[in-house]
Amino acid sequence: MKIEEIWEYYKSDLQAAEEKIQETLQTVAPAISMVGSHLLMSGGKRIRPILAILCSRLFGYKGEKASILACSVESIHTASLLHDDIVDGASMRRGKPSAHSLWGDQIVVLVGDYLYSNALRLVNSLQSQKVMDAFTNATARMSEGELIQLSKKDQSKKGDFNISEEDYMIIITGKTAILMSAACMGGAVIGCASPEEEEALTSFGLKLGLTFQIADDILDYMAEEKVLGKNLGKDLGEGKITLPLIYLLRDASVDEVPKIKTIICAEKISKSDLSYIQQLLKKYRSIEESYEKANSILIQAKAELDIFKDGPEKSALVTISNYSLGREK
């Protein structure tokens with residue numbers, strides 16, 4: 001199964017989720033519709049919603065709870081992006097001006113708050129304490145992940161050169177993996193999965209999320225800007241030390257490390273600076289090693305699906321897993 005075939009095969013399920021998303025944006029506050037639609041309707045693969053749908057469909061569930069869950073998880077993801085762009089001072093998101101650059105920080109923060117709280121209200125309507133616990137835990141862990149990442153920067157908002165691979169994994173667990181895990185777990189619960197099946201999908205989502213974020217961080221140094229939807233080297237310019245840089249700082253020579261640190265600390269990253277870093281990443285195989293790390297986690301993620309019988313939903317989950325590491329680079 002190809003990734004495009006998944007969107008077509010589950011078109012009606014995704015459409016139901018889209019309608020639910022649109023419904024949540026219709027409020028008495030016009031800003032919610034404007035800001036929410038700007039990001040929610042600006043593209044994106046809807047990976048998190050389709051995970052929720054697929055994990056419920058694994059058990060034959062086709063009811064409204066799947067679209068409610070899918071809407072909730074995408075709303076939480078969108079809220080986190082709105083807040084992240086403010087924290088990072090990002091001017092672009094998915095190839096378009098970021099919301100806060102158009103409407104200002106105050107409005108966008110409040111819209112993000114609305115999306116978070118409304119998403120949890122919808123989750124609560126599923127009447128499952130287990131799912132509610134998973135989503136409230138996810139939102140808390142996402143904030144923790146961002147705060148830990150901020151704590152790894154100095155007062156100039158540049159990276160902590162001593163950040164470890166373990167620190168990085170904790171950060172991306174909170175930023176990305178925990179919400180994907182909640183999406184999969186929620187789908188399993190509304191599909192009436194067994195405890196073993198629920199645990200497998202919860203773990204699958206977590207490992208898939210780790211893979212997805214590592215791949216995203218690699219793309220920051222590899223992708224064409226028109227594909228990535230953000231400026232190439234954006235993370236470097238913000239002083240974010242992600243896995244490729246962690247490996248590079250570990251392996252570079254004593255003569256190269258000072259220049260790498262100078263570039264990371266620079267107020268603005270030039271094309272020549274980015275090119276220099278890319279050359280070193282290639283020289284020390286930092287990108288390849290990052291892919292190897294992501295692939296090892298991906299193998300573990302797909303192994304979690306072994307307890308399920310072959311079928312379209314399992315095939316789709318495997319396809320999404322492979323896509324997470326094989327996006328344009």
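Colleague: What does the side chain of H100 reach at D85, and at what distance?

Modeller: The side chain of H100 reaches the backbone oxygen of D85 at 3.2 Å. Please keep in mind that this is a predicted model, in which local features need pLDDT of at least 70 and side-chain atom pairs count only at pLDDT 80 or more, while totals for chains, interfaces and linings use all residues. Residues are numbered from 1 along each chain as its sequence is written, and side-chain values use heavy atoms, with hydrogens and water left out.

Colleague: What makes the pair H100 and D105 a polar contact?

Modeller: A polar contact is a pair of N or O atoms within 3.5 Å; within protein, one of them must be able to donate a hydrogen and the other to accept it, and residues adjacent in sequence count only if both atoms are side-chain atoms. The side chains of H100 and D105 are joined at 3.2 Å, and this pair is listed as a polar contact.

Colleague: Why is H100 called buried?

Modeller: Buried means under 20% relative accessible area, exposed over 50%, and partly exposed in between, with a 1.4 Å probe and protein chains only. H100 has 15% relative accessibility and therefore counts as buried. This histidine is found in helix α6, residues 99-103, where helices (H or I, at least four residues) and strands (E, at least two) are DSSP runs numbered from the N terminus. Contact means heavy atoms within 4.5 Å, and, leaving aside residues up to four places away in sequence, H100 touches D85, I86, G89, A90, D105 and V108.

Colleague: Why are α2 and α5 described as oblique to each other?

Modeller: Two packed helices are described by the angle between their axes and the distance between the axes. The axes are lines fitted to C-alpha atoms, for helices over the stretch in contact, and the angles run from 0 to 180 degrees between N-to-C directions. Angles under 35 degrees count as roughly parallel, over 145 as roughly antiparallel, 65 to 115 as roughly perpendicular and the rest as oblique. Helix α2 (residues 11-24) and helix α5 (residues 64-88) pack at about 55°, with axes 8 Å apart, and α2 and α5 are therefore oblique.

Colleague: What makes α4 and α5 roughly antiparallel?

Modeller: The axes of helix α4 (residues 47-57) and α5 come within 8 Å and cross at roughly 155°, and the two helices are therefore roughly antiparallel.

Colleague: Why do Q127 and C192 count as exposed?

Modeller: Q127 has 75% relative accessibility and therefore counts as exposed, and C192 is exposed because its relative accessible area is 67%. Q127 sits in the loop between α7 (105-124) and α8 (129-151), and has a positive phi of about 60° although it is not a glycine. C192 is in the loop between α9 (165-190) and α10 (195-222), with a positive phi near 60°, again in a residue other than glycine.

Colleague: Finally, how do you know whether K234 is buried or exposed?

Modeller: K234 has 15% relative accessibility, so this lysine counts as buried. K234 lies in helix α12, residues 234-237, and touches D88, A90 and D220, not counting residues up to four places away in sequence.
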